[in-house]
Amino acid sequence: GAVVSQHPSRVICKSGTSVKIECRSLDFQATTMFWYRQFPKKSLMLMATSNEGSKATYEQGVEKDKFLINHASLTLSTLTVTSAHPEDSSFYICSAREWKTPYNEQFFGPGTRLTVL
Amino acid sequence: AQSVTQLGSHVSVSEGALVLLRCNYSSSVPPYLFWYVQYPNQGLQLLLKYTTGATLVKGINGFEAEFKKSETSFHLTKPSAHMSDAAEYFCAVIAYNQGGKLIFGQGTELSVKP
């Protein structure tokens, strides 16, 4: 149980285009989803927290107009990187939390490698 | 506020040797602590967690960790390293005063020599 998927696993796009990444909880209802960014040889940096049906809460320094997050259902959250540039190239990981988990354990997706040319 | 410090960004051991990855935490409330493993180009996999109860926690792949409140530590160990253990390891604590988000350590890369 507690499987989280991400799609696509890898995407290459041209500078200036927008890219959408999906995060799905496959066998549980995720009231909260998290989006992380990871640079090579670095730890995970939390970008934003999204609760189903409400606006995402962004971490300090993360541009909300550039990284659009939607959490329209209890099993799906999307991250859209708008007008992508080479500096947005990174590994993006989502995680999901089920409302009834007593200690707030998060389940992680496999990640999406974004390369902007 | 909660925080996590992992001592040593890179640890190298020989196959069959003891693995010890260090993690110290800071928390004003009883912490929930986690160890995750990440293989190249993959997401994070939970190795083990400490919530309440027994301070020695056993996880997958032969790993275990001991919660020591007096030392504010949660070190990860494995008696005998295997080549397949080579990966990045992250210690994390839940930040209750920040919406329950995970606070990660900097990560420790484990290399296993034949």
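## Interface of chains A and B

Chain A and chain B bury about 1600 Å² between them. Buried area here is the accessible area (1.4 Å probe) that two parts lose on being put together, summed over both. Carbon and sulfur atoms give 53% of the area. The model is predicted: local features need pLDDT of at least 70, side-chain atom pairs count only at pLDDT 80 or more, and totals for chains, interfaces and linings use all residues. Residues are numbered from 1 along each chain as its sequence is written, chains are lettered from A and ligands numbered from 1 in the order in which they are written, and side-chain values use heavy atoms, with hydrogens and water left out.

The contact (heavy atoms within 4.5 Å) takes 21 residues from chain A and 22 residues from chain B. Three salt bridges cross the interface. The rule asks for a side-chain nitrogen of Lys or Arg within 4 Å of a carboxyl oxygen of Asp or Glu. B:K101 and A:E59 form a salt bridge through their side chains, at 2.6 Å from N to O.

Six residue pairs are in polar contact between chain A and chain B, both residues at pLDDT 80 or more. A polar contact is a pair of N or O atoms within 3.5 Å; within protein, one must be able to donate a hydrogen and the other to accept it, and residues adjacent in sequence count only if both atoms are side-chain atoms. On the side of chain A that touches chain B, the elements giving two or more residues are β4, β5 (44-51) and β9 (90-98). Strands are DSSP runs of E, at least two residues long, numbered from the N terminus. That side of chain A divides into ten nonpolar, five polar and six charged residues. Ala, Val, Leu, Ile, Met, Phe, Trp, Tyr, Cys and Pro count as nonpolar; Asp, Glu, Lys and Arg as charged; the others, Gly among them, as polar.

## Aromatic pairs

Over all chains, the structure holds 13 aromatic pairs. Rings of Phe, Tyr and Trp (its six-membered ring) pair if their centres lie within 6.5 Å; planes under 30 degrees apart count as stacked, over 60 as edge-to-face and the rest as tilted. A:Y36 and A:F108 have ring centres 5.7 Å apart and planes at 40°, so this pair is tilted. The pair links distant parts of the chain, 72 residues apart: A:Y36 is in strand β4 (residues 30-38) and A:F108 in strand β10 (residues 107-108). Both A:Y36 and A:F108 are buried. Buried means under 20% relative accessible area, exposed over 50%, partly exposed in between (1.4 Å probe, protein chains only).

In chain B, the rings of B:Y36 and B:F104 have centres 6.1 Å apart and planes at 50°, so they too are tilted. B:Y36 sits in strand β4 (residues 33-38) and B:F104 in strand β10 (residues 101-104), 68 residues apart. B:Y36 and B:F104 are buried. Ring pairs link A:Y36, A:F108, B:F34, B:Y36, B:F90 and B:F104 into a cluster.

## A:L68 and its contacts

A:L68 lies in strand β7 (residues 67-73) of chain A. Its relative accessibility is 38%, so A:L68 counts as partly exposed. Beyond its neighbours within four places in sequence, A:L68 contacts A:Y58, A:T78, A:L79, A:T80 and A:T82.

## Backbone details

The peptide bond from A:H7 to A:P8 is cis, with omega near 0°. A:P8 falls in the loop between β1 (4-7) and β2 (10-13) of chain A.

A:S83 is not a glycine, yet its phi is positive, near 45°. A:S83 lies in the loop between β8 (76-81) and β9 of chain A, and is partly exposed at 34% relative accessible area. B:T72, also not a glycine, has a positive phi of about 45°. B:T72 is in the loop between β7 (64-68) and β8 (73-78) of chain B, and is partly exposed at 32%.

Note on methods. Helix = DSSP H or I, 4+ residues; strand = E, 2+ residues; numbered from the N terminus.
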